[in-house]
Amino acid sequence: MLQLFKMSFRDLGRNRRRSFFSALAVSVGLMILMLMSSVINGEMGSAIQGAIILETGHIQVRAASYDQNKSSLKWEDLVVNPDQIASQISVLPQVKAATPRLYASGFISAGNQSAGARIYGIDPASAANDPYRLGIISGSYLKADDSAGLLIGKPSAEKLHLKAGDNVSLSVNTANGDVAEQTFIVRGIYSTNTSSFDSATIFLPLTKAQTITQAQNRASTVFVLLKDASYTEAVASALKGSDLKVLTWKDLNPLILDWETQANSYISILYLIILAIAASVIINTLIMSVYERTREIGILSAIGMRGGRIMVLFLAESTLLAVGGVLMGVVLGVVSAYLFNIHGFYIGNMGLTGFTVADTIFAKLTLNDTINLSILTFIVTILAGLYPAIMASRLQPVEALRAEK
Amino acid sequence: MEVVKIDNATRVYKIGTMETQALRGVNLSIENGEFTALVGPSGSGKTTLLQLIGCLDQPSSGAVWVDGKDVTRLNRNQRADMRRGHIGFIFQFFALIPTLTAYENVEMPLLLNGHSPSERRERVMELLKAVDLVERAKNRPDQLSGGQQQRIAIARALAPKPALVLADEPTANLDTENGTQVMQIMEKLNKETGVTFVFATHDPRVMKYARRIVTLRDGLIVENNGNGKNS
């Protein structure tokens with residue numbers, strides 16, 4: 001066997017350039033697979049993480065009748081005494097923060113420009129709202145007792161030509177179905193680097209939001225952020241049992257999870273296409289090799305090498321190409337994923353609604369993906385050598401010996 | 001004892017609807033230790049006959065026995081095993097593996113036969129010495145002259161200690177001096193080791209080394225002179 005590999009290695013060395021480019025095709029294929037996988041991982045991770053931090057939290061506790069799509073403000077659809085519930089949840093060891101939120105819809109006007117808005121009434125002091133506080137790029141953050149200030153996202157501020165300190169008119173739906181209108185001061189402009197979120201969301205202090213919407217001491221939800229997503233099911237189970245509905249981030253982000261499943265399906269097809277291209281290069285190289293070495297195959301057969309061994313000889317060549325290609329591919333894949341991890345890949349606002357995809361995707365390559373994709377590429381490359389190997393093993397010695405050198 | 005026995009062997013090649021009769025019913029017996037030449041003009045069936053004896057091809061009808069075995073009844077792998085253990089080949093075009101050194105080329109049949117490294121080393125060195133090419137052991141075929149390559153091919157053919165060595169036009173690609181040297185080595189090894197040599201040629205300078213000359217014409221044996229035995 002060692003001698004067969006030695007022969008295969010030397011055979012590959014006969015046409016070094018061709019062998020190198022064949023191995024390179026495998027390595028570029030693997031690099032693309034690793035890069036695609038890391039970008040998808042990064043994008044999915046960012047979308048899910050973004051949705052959890054900015055919008056849904058790990059868990060939400062709501063009134064059973066609350067309909068998120070209608071941003072209902074009817075009292076029966078809201079959580080009563082949300083502060084008390086949030087305090088009770090906060091004491092659980094797995095919980096990082098629990099805070100009431102009130103959601104309303106409306107629109108914001110400045111001058112003769114206006115835009116639709118999702119209004120979040122938040123407790124500015126809660127750690128769950130730190131991402132908004134840390135995102136302030138102009139002006140200041142909200143205070144709990146601020147009854148005239150609001151935060152507006154950077155895209156909306158640019159669209160409405162607003163800066164911190166400007167006055168805006170905000171119209172908000174109320175609990176009794178009316179629309180309340182009031183002038184606010186733009187206290188601060190924020191950016192979470194997630195255009196789809198920033199362009200539609202306006203923050204008010206919770207108490208002010210409760211007042212303007214006439215929700216009184218009620219909230220749409222108690223937003224719960226955990227120390228780790230893995231605690232979700234355990235904490236959700238612990239919270240169930242009352243009249244309130246407990247929803248996890250999986251319940252609240254079905255679109256992202258569907259998208260992930262679909263993306264994985266598409267990516268599998270792309271994987272197959274890339275691997276098929278790499279495999280066709282290997283098949284081509286080895287078929288060329290069989291044709292060039294037909295007489296040699298005849299000689300080996302004449303001195304008694306069985307067809308099976310001739311097949312192994314050619315499979316050894318595809319194995320060596322696979323080893324070289326995979327090693328080079330892993331290096332190229334790790335380097336390219338690292339560069340995309342450091343510098344990111346700017347996609348801007350893709351116009352996706354219902355998704356909190358960050359404007360920049362950072363590749364995230366996992367060890368698991370690296371190993372799996374390397375093994376997959378290795379197997380496909382070896383399998384690609386199967387047809388030429390069978391072809392070589394079936395050559396009739398007399399005909400092979402007659403071949404032109 | 002008979003090393004080769006051919007009983008009414010025919011070989012018909014079909015190309016489309018065309019049929020070409022390369023052998024038309026050949027009967028031949030070759031005894032152990034013979035040094036026999038198959039002679040005749042191009043297309044007379046010499047190479048086809050060697051291929052049947054060498055288990056590289058199968059007759060269309062008739063039977064071929066090599067070293068006591070009816071090789072026409074063997075399957076592809078069994079014929080490969082037969083070639084590996086019982087038959088050595090020397091070809092007109094030298095037929096060395098270009099990526100292997102002279103040493104490794106001679107070693108190849110021993111590797112295929114599963115000999116131990118020490119057995120292989122001993123046998124290869126013995127043969128390289130016999131063909132006077134010990135100093136060329138590490139050279140690859142492209143670093144050897146035609147004559148040297150053919151001597152390595154002889155050493156390789158003898159490596160597994162075969163009952164029979166078949167040589168197809170072994171001197172056709174060599175100049176007179178190298179051709180003579182190759183024939184002298186083959187003759188010497190035949191005498192020293194007793195291994196049977198059968199070679200196809202149409203070169204009169206080569207024929208003079210043969211102790212038995214079998215002449216073929218149009219796929220039939222037309223003359224059979226000498227007993228091929230070492231006198």
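This is a predicted model: local features need pLDDT of at least 70, side-chain atom pairs count only at pLDDT 80 or more; totals for chains, interfaces and linings use all residues.
Q: Which residues lie nearest the centre of the second largest pocket?
A: The lining has 27 residues, and those nearest the centre are A:Arg402, B:Thr47, B:Thr48, B:Gln51 and B:Asp168. By class, the lining of this pocket is made of 13 nonpolar, nine polar and five charged residues.

Q: Which element gives the most to the lining of the second largest pocket?
A: That element is α1(B), with five residues. At least two residues each come from α15 (397-402) of chain A and from α1 (46-53), β6 (87-90) and β7 (164-168) of chain B.

Q: How many residues does each chain bring to the contact, and what area is buried between chain A and chain B?
A: Chain A brings 26 residues and chain B brings 26 residues, while the buried area is about 2400 Å², with 58% of it given by carbon and sulfur atoms. On the side of chain A, the residues that lose the most area to chain B are A:Arg10, A:Ile303 and A:Arg306, which together make up 27% of what that side buries.

Q: How many salt bridges does the rule find across the interface of chain A and chain B?
A: The rule finds one salt bridge there; the side chains of A:Arg306 and B:Asp81 meet in a salt bridge at 2.5 Å, N to O. Between the two chains, five residue pairs are in polar contact, both residues being at pLDDT 80 or more.

Notes. Residues are numbered from 1 along each chain as its sequence is written. Chains are lettered from A and ligands numbered from 1 in the order in which they are written. Side-chain values use heavy atoms; hydrogens and water are left out. On a 1 Å grid over the protein atoms alone, a cavity is a set of points where a 1.4 Å probe fits but cannot get out, and a pocket is an open set with protein on both sides within 12 Å along at least five of seven lines; lining residues have an atom within 4 Å of a point. Helices (H or I, at least four residues) and strands (E, at least two) are DSSP runs, numbered from the N terminus. Ala, Val, Leu, Ile, Met, Phe, Trp, Tyr, Cys and Pro count as nonpolar, Asp, Glu, Lys and Arg as charged, and the others, Gly among them, as polar. Contact means heavy atoms within 4.5 Å. Buried area is the accessible area (1.4 Å probe) that two parts lose on being put together, summed over both. A salt bridge is a side-chain nitrogen of Lys or Arg within 4 Å of a carboxyl oxygen of Asp or Glu. A polar contact is a pair of N or O atoms within 3.5 Å; within protein, one must be able to donate a hydrogen and the other to accept it, and residues adjacent in sequence count only if both atoms are side-chain atoms.
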